[in-house]
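Please look at the sequence and the structure before reading on.

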Amino acid sequence: MRFKIGLATVITLILSAYTPALAGEMLIDDFKLQPETRWRFFADTVMGGKSSGQVQFENEEGHAHARMTGNVSTANNGGFIQIRMKLQHAAPENTIGIRLLVRGNDQRYFVHLRTGGTILPWQFYQAGFDVTRTWTEVRLPLTEFKASGSILRNIPRASSLTSIGIAAYGRNHDADISVREIGFY
């Protein structure tokens, strides 16, 4: 017995398989193609702090990722290391959060967002997340991001995002975090 499937049915099946992507998911980076041209490493030394570190772009079992390691020190008013990239495209209109695929050294890390309204270097929106030694998906709703100061909006608008960063921040510790994917959802 042969079954005939119409074109409309095929299109419906294809679209249903990709519903999350069509609903606003957008990959920002998967670190496969020259990530060193987009991502920059920063440490508090730009402001006199004592933290140190580096970012390396690695490939493991066919999966590319960024690995940030270092020592975060609060000495001399310091306390962060970070990798950051400027966003090349606006977030999809219905974006409600940031999605990460991460692993690390069982510590707490942060996503830092900058917008058109974060003009000063110390202005950002921040949300924390914990990592384990296995790759784990983390979803951070924009409503969980806190402004670094009172003159910023309470919640960042997806349409005004200009950069995204992964930071080891705010306390003395050794940092070791890997990011395989980062995107909007």
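## Strand β8 and its partners

Val111 stands opposite Ala127, a residue of β8. The two strands concerned, β7 (residues 108–115) and β8, pair in the antiparallel sense over six bridges, where pairing requires that DSSP finds at least two bridges between two strands. Strand β8 is also joined to β10 (residues 146–147), to which it runs antiparallel, by two bridges, and here Tyr125 stands opposite Ala147 of β10.

Strand β8 spans residues 125–130 and is mostly covered, with five of its six residues buried; buried means under 20% relative accessible area, calculated with a 1.4 Å probe and protein chains only.

## Basis of the model

The model is predicted, so that local features need pLDDT of at least 70 and side-chain atom pairs count only at pLDDT 80 or more, while totals for chains, interfaces and linings use all residues. Residues are numbered from 1 along each chain as its sequence is written, and side-chain values use heavy atoms, with hydrogens and water left out.

## The chain as a whole

The chain has two helices and twelve strands, defined as DSSP runs (helices H or I, at least four residues; strands E, at least two) and numbered from the N terminus. Read from the N terminus, the order is α-α-β-β-β-β-β-β-β-β-β-β-β-β.

Of the 185 residues in the chain, 42% are buried. Among contacts (heavy atoms within 4.5 Å) with a separation of 6 or more, 73% link residues 24 or more positions apart. The chain exposes about 10,700 Å², of which carbon and sulfur atoms supply 53%, the accessible areas coming from the Shrake-Rupley method with a 1.4 Å probe.

Terms used:
Buried < 20%, exposed > 50% of the residue type's maximum accessible area, 1.4 Å probe, protein only.
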